[in-house]
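User: I would like to learn how to read helix packing and salt bridges in a model. Please take me through the features one at a time.

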Amino acid sequence: MRTIGAIIKAILYVVFFVVIQGLTSFIYLIATLISKLRAADFESVTSKSVQDMLIQSAIELWDKMPILMIGSGIFMLVLLWIIFKMRHKSFAKEIHLKAIGASNIVPLILVGIALQFVATLAVELIPYPEIWIIDHQQAMDEAVNLKNIVMTICSVVIYAGVVEEVIFRGLVYTRLKRGMPVVVAAILSSILFGLIHGSPIQVLATILMGLLLVWVFEKFNSIVPCIIVHMANNLTAIVIAWASPIIESNMWTIIIYTMVMSAITMIAGIWLCKKQKAH
């Protein structure tokens, strides 16, 4: 019964996350469509013109997606704080929002950089179907908008790093492990984390990411280091996307990039393995 309760709570938090995101986009889409209908000549409105307006509204929605994600994330966190406050519980305590020593910040950033390198390497080494690779690349190109780098960093780095960690490590994982072994909770929470991320390749990469983030969480008993690793991972993805033409320009730059990232991965891996678990 305890296990079933833990699973139900975890799923409810994931549903909450998805619904708030979807509801924000839906409200914006409908508001944009209504605005266009009100601006149009009523007598000239046809089913075809409404369809065109809907398509245009959807395009505008996609352009506004970063700011909508940030807005939904802020609303989500405020709403969760209110819910826990009404239940006479500390939101910070429930999500394990605990301070860590400043000396851990740089090593955790290196862990995030290493995570992106390992995930990218795994994607390149596994013989995925070509259509999966194309879909994954399109998803990455859409997520990493270098034309509006400020909004990209705000949505991909800050929003994802904070909100996704609060939900998937702070709430989903901690609830699951109350009703089952830690290893099972880690796998289930990571699968749920992966399933909300687009293409099949991205799902696998984020499942692996989720498992490492659970490991980090268990080392510190806090979501703060998870947020740092997550943000460093996503920021590294943006930097690599920007620098990829330079990296791939000749064999020497590829070799230097691989050597540097391999060294960072080794240093981060050794540090994380040696890090004593917090109590």
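Predicted model: local features only at pLDDT ≥ 70, side-chain atom pairs only at ≥ 80, totals over all residues.

User: How are helices α7 and α9 placed relative to each other, and at what angle do their axes cross?

Analyst: Two packed helices are described by the angle between their axes and the distance between the axes. Here the axes of α7 (residues 149-176) and α9 (residues 200-220) come within 11 Å and cross at roughly 70°. Helices are DSSP runs of H or I with at least four residues, numbered from the N terminus. Axes are lines fitted to C-alpha atoms over the stretch in contact, with angles from 0 to 180 degrees between N-to-C directions. The two helices are therefore roughly perpendicular (65 to 115 degrees).

User: Which residues make the contact?

Analyst: From α7 they are Glu165, Arg169, Tyr173 and Thr174; from α9, Gly210, Leu213, Val214, Phe217 and Glu218. Contact means heavy atoms within 4.5 Å. By class, four are nonpolar, two polar and three charged (Ala, Val, Leu, Ile, Met, Phe, Trp, Tyr, Cys and Pro are nonpolar; Asp, Glu, Lys and Arg charged; the others, Gly among them, polar).

User: How many salt bridges does the whole structure have?

Analyst: Side chains of opposite charge can pair when their charged atoms come close. The search finds six salt bridges, each a side-chain nitrogen of Lys or Arg within 4 Å of a carboxyl oxygen of Asp or Glu. One of them joins glutamate 165 and arginine 169 at 2.7 Å, N to O. Both lie in α7, four residues apart, about one turn of the helix.

User: Is glutamate 165 buried or exposed?

Analyst: Glutamate 165 counts as buried, at 0% relative accessibility, and arginine 169 is also buried at 0%. Buried means under 20% relative accessible area, exposed over 50%, and partly exposed in between (1.4 Å probe, protein chains only).

User: Which parts of the chain does the bridge of arginine 178 and glutamate 94 link?

Analyst: The side chains of arginine 178 and glutamate 94 meet at 3.6 Å, N to O. Arginine 178 is in the loop between α7 and α8 (182-195), and glutamate 94 is in α4 (residues 91-94), 84 residues apart. Arginine 178 is partly exposed at 41%, whereas glutamate 94 is buried at 14%. Glu94, Arg175 and Arg178 are linked in a network of salt bridges.

Notes. Residues numbered from 1 in each chain as written. Heavy atoms only, no water. Parallel < 35°, antiparallel > 145°, perpendicular 65-115°, else oblique.
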